[in-house]
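Reader: I'd like to go through this one feature by feature. Could you give me the general idea each time, and then the case at hand?

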Amino acid sequence: MAMRDTIIEMMTNIAQQQRKPLAPLQDDLNLLSSGLDSLCIAILVAELDEEFGIDPLSSTDDHNLPVTVGDFIRLYENAMQ
Amino acid sequence: MRNIVVTGASRGIGLGVARKLSASGFHVIAIARTSGAELEAATAEANTNGIGQISFYEQDLSRIDMLSETAHALRKRFGLIYGIINNAGLGTSGLLCNMPETEIECLTQLNIVSPLVLTKHLLRSMLVARSGRIVNISSIVAITGYQGISAYSATKAAMLGFTRSLAREVGSLGITVNAVLPGFVDTEMTLDLDEAARRKITNRNALRRPTMIDDVASMVDYLVSDHAQGITGTAMVVDAGTTA
Ligand SMILES: NC(=O)c1ccc[n+]([C@@H]2O[C@H](COP(=O)([O-])OP(=O)(O)OC[C@H]3O[C@@H](n4cnc5c(N)ncnc54)[C@H](OP(=O)(O)O)[C@@H]3O)[C@@H](O)[C@H]2O)c1
């Protein structure tokens with residue numbers, strides 16, 4: 001499965017389990033407006049590390065979260081290359 | 001077999017906890033700077049009994065810069081980590097007015113910063129599994145005064161704040177976070193107490209006996225078990241009635 005699809009699927013599942021209403025996941029959607037809270041993002045990052053063995057957020061010096069869903073997906077797509 | 005990390009498991013309370021948890025069927029990952037004959041004997045015993053297991057992992061936990069790597073190495077070598085018992089600690093005593101700043105720093109580094117950072121990294125496994133157990137070994141001196149250990153007491157009280165707020169952060173995932181507050185226990189940490197002081201503490205205990213390592217280990221064993229899935233954010237006093 002492509003990285004993009006994996007991330008979208010994980011986001012959807014996590015939102016469901018954590019009972020968070022999820023906005024339609026488009027690239028320009030602000031992550032913070034997606035419905036996922038910071039714990040959901042932490043779970044997502046942990047699951048992606050588990051699945052692909054990468055954690056691009058911890059290896060950047062800039063600890064700011066990517067702003068949009070698209071930024072987040074690109075960060076992981078680039079880290080896989 | 002569930003993996004559970006016990007820090008400072010080479011002797012004293014941590015060793016007792018490692019023994020108990022392996023007898024309950026956990027795979028205990030025992031962390032300390034050196035292993036030693038007692039831990040080796042406990043490891044052999046666990047392997048013979050065949051219920052649980054103990055593996056030693058050498059790490060100086062005051063090396064905060066190494067802890068992320070440590071967590072990754074543990075995950076790689078042993079698989080997902082179910083829980084962590086933050087037990088390793090320094091018990092430096094002395095009047096605050098005479099205590100060198102470097103000693104205060106060493107105390108806070110090992111007793112506060114290290115468990116926070118290690119837990120942060122090991123939580124990853126628990127987030128993925130949507131379950132887990134964190135037990136922080138505090139002390140009754142977090143809630144009652146004892147002269148000559150103000151710096152140490154401050155570090156133990158820090159564990160209570162950590163426990164309660166982390167319990168709220170991760171509770172929705174079924175991860176429990178609790179503190180255990182032992183009374184005075186006879187270990188290497190308390191060697192500098194003389195016989196008279198020991199007797200005085202024991203005589204003040206409601207049960208007229210000292211707190212044993214096994215008392216503390218039994219509480220930890222309960223908190224990490226499935227029986228304790230409804231208990232989080234608590235501070236469990238295990239002190240033979242010192243504070244009763
Ligand atoms: N004894 C008591 O009366 C009492 C009462 C209340 C609470 N507690 C708490 O219970 C916990 C255990 O105490 P204890 O009496 O069992 O202490 P202890 O007998 O002195 O054992 C301390 C353990 O921590 C390990 N350790 C120390 N420094 C370390 C470091 N830099 N990196 C990794 N491991 C390290 C030691 O192994 P290495 O030296 O090989 O590294 C040892 O396994 C502590 O958190 C203490 O505050 C004790």
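Reader: Let's start with the interface. How much area do chain A and chain B bury between them?

Author: Buried area is the accessible area (1.4 Å probe) that two parts lose on being put together, summed over both. Here chain A and chain B bury about 930 Å², with 49% of that on carbon and sulfur atoms. Keep in mind that this is a predicted model, where local features need pLDDT of at least 70 and side-chain atom pairs count only at pLDDT 80 or more, while totals for chains, interfaces and linings use all residues. Residues are numbered from 1 along each chain as its sequence is written, chains are lettered from A and ligands numbered from 1 in the order in which they are written, and side-chain values use heavy atoms, with hydrogens and water left out.

Reader: How many residues does each chain bring to the contact?

Author: Contact means heavy atoms within 4.5 Å. Chain A brings 12 residues and chain B brings 10 residues.

Reader: And how many salt bridges are there between chain A and chain B?

Author: For a salt bridge, look for a side-chain nitrogen of Lys or Arg within 4 Å of a carboxyl oxygen of Asp or Glu. Between chain A and chain B the count is 4. One to look at is A:Glu47 with B:Arg130, at 2.9 Å, N to O. Helices (H or I, at least four residues) and strands (E, at least two) are DSSP runs, numbered from the N terminus. On the chain A side, helix 1 (3-17) and helix 2 (38-52) each supply at least two of the residues that touch chain B, and helix 2 of chain A gives the largest share, 8 residues.

Reader: What about the backbone of B:Arg130, and where does that residue lie?

Author: B:Arg130 has a positive phi of about 55 degrees although it is not a glycine. B:Arg130 lies in the loop between helix 4 (101-129) and strand 5 (132-137) of chain B. B:Arg208 also has a positive phi of about 55 degrees, and is not a glycine either; you'll find B:Arg208 in the loop between helix 6 (195-204) and helix 7 (213-224) of chain B.

Reader: Now the ligand. Which residues come nearest?

Author: A residue is near a molecule if one of its heavy atoms lies within 4 Å of it. Of the 30 residues around the ligand, the nearest include B:Ser10, B:Asn87 and B:Tyr152. An N or O atom in the B:Tyr152 side chain is 2.5 Å from a ligand oxygen, and a backbone N or O atom of B:Asn87 is 2.7 Å from an oxygen of the ligand. The protein covers 96% of the 880 Å² of accessible area (Shrake-Rupley method, 1.4 Å probe) that the ligand has on its own. Helix 1 (12-23) and helix 5 (150-170) of chain B each supply at least two residues of the shell.

Reader: Back to salt bridges: how many are there over all chains?

Author: The whole structure has 13. Among them is A:Asp37 with A:Lys20, at 3.4 Å, N to O. Both A:Asp37 and A:Lys20 sit in the loop between helix 1 and helix 2 of chain A, so the pair ties together parts that are 17 residues apart in sequence.

Definitions and conventions
Polar contact = N/O pair within 3.5 Å; in protein donor to acceptor, adjacent residues only side chain to side chain.
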